[in-house]
Amino acid sequence: MTERGWYPRARPARPVSRAKNVGVTLVALIAAFGLMTLFRPDQVSSIAEMFGIAKPHRLLFVVGPKVGSSHYSILGTDAAGDPITYDPCRSVHYVINPSGAPADYLDFIDPAIDKAQSASGLKFVYDGLSRDTWSEHTHATKDEPVLLSFPSSLDSKADADAVGLGGSAFLKSTHPGHSHYATGQIALLRSWFRKQSARHKTAAEQSVVMHELGHVIGLGHVRDRQQVMYPKAHGHPEYGDGDLAGLAKLASGPCE
């Protein structure tokens, strides 16, 4: 005798109600709003990219190359031969330690940041005040905001008359051969900036900050006196043709 097995009768799928669809949509919206509340926009993008929901993309448009000027120098290149700078698909966050700074420090820092952002195509985001110092930040290698501070003295062996120092440290990227800076810092000599502020020399102060931002992004010194990256401050708060060409080249690379 053939044994017959028992199989449950298949039940027809129940139609999903419109109310349930609306409920799922609301849950998704609430979850998305929660992410936006808990994290910065770039962090939300990072989470989306981590799960494959979105691909890395530039935050600002690529700055067109400046034609006709080669008066710039690049501080470092990676294993692939590309200039090292910050990831153009991530914001460059920065903080300020106002200890010892003149009262009007934002009057020359803010426009300098704007100039560097427009010239490079890197997006700068202000994260507020910090108590970190130059010495504490000197050997930083992890991904953290760039620090601007006003120490009472500068440890500059190359130039005893320096009124500012700037630079960045880098970490290797996930792409083989490519590297991006992870953090950096700018030290602005307290006594010099206080004196300039007392004399209302805001343009001179802004020029120095722009020079140090150039170092942070990845530019070196040049011999052309018309460029902000000339070693001696000339008080003119506008990037020259060579500065612009170098900054545009630095930020034209791939995303991390």
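Thr183 is tucked away in this predicted model: at 1% relative accessibility it counts as buried (under 20% relative accessible area, with exposed over 50% and partly exposed in between; 1.4 Å probe, protein chains only). Thr183 sits in strand 5 (strands, of at least two E residues, and helices, of at least four H or I residues, are DSSP runs numbered from the N terminus). The model is predicted, so to speak, with local features needing pLDDT of at least 70 and side-chain atom pairs counting only at pLDDT 80 or more, while totals for chains, interfaces and linings use all residues. Residues are numbered from 1 along each chain as its sequence is written, and side-chain values use heavy atoms, with hydrogens and water left out.

Leaving aside neighbours within four places in sequence, Thr183 is in contact (heavy atoms within 4.5 Å) with residues including Tyr86, His137, Glu144, Pro145 and Ser168.

His137 belongs to helix 4, residues 134-137. Along the chain His137 and Thr183 are 46 residues apart, yet their C-alpha atoms are separated by 9.2 Å. His137, too, counts as buried, at 5% relative accessibility. A polar atom of its side chain lies 3.2 Å from the backbone oxygen of Gly184, and the residues that His137 touches beyond four places in sequence also include Asp132, Leu147 and Gln185.

Phe150, for its part, is in contact with Ile109, Leu188 and Phe193, among others outside its four-place sequence neighbourhood.

Helix 5 (residues 190-198) and helix 6 (residues 202-217) have axes that come within 9 Å and cross at roughly 145° (axes are lines fitted to C-alpha atoms, for helices over the stretch in contact, and angles run from 0 to 180 degrees between N-to-C directions). Trp192, Phe193, Gln196 and Ser197 of helix 5 meet Ala204, Glu205, Val208 and Val209 of helix 6.

Methods: Polar contact = N/O pair within 3.5 Å; in protein donor to acceptor, adjacent residues only side chain to side chain.
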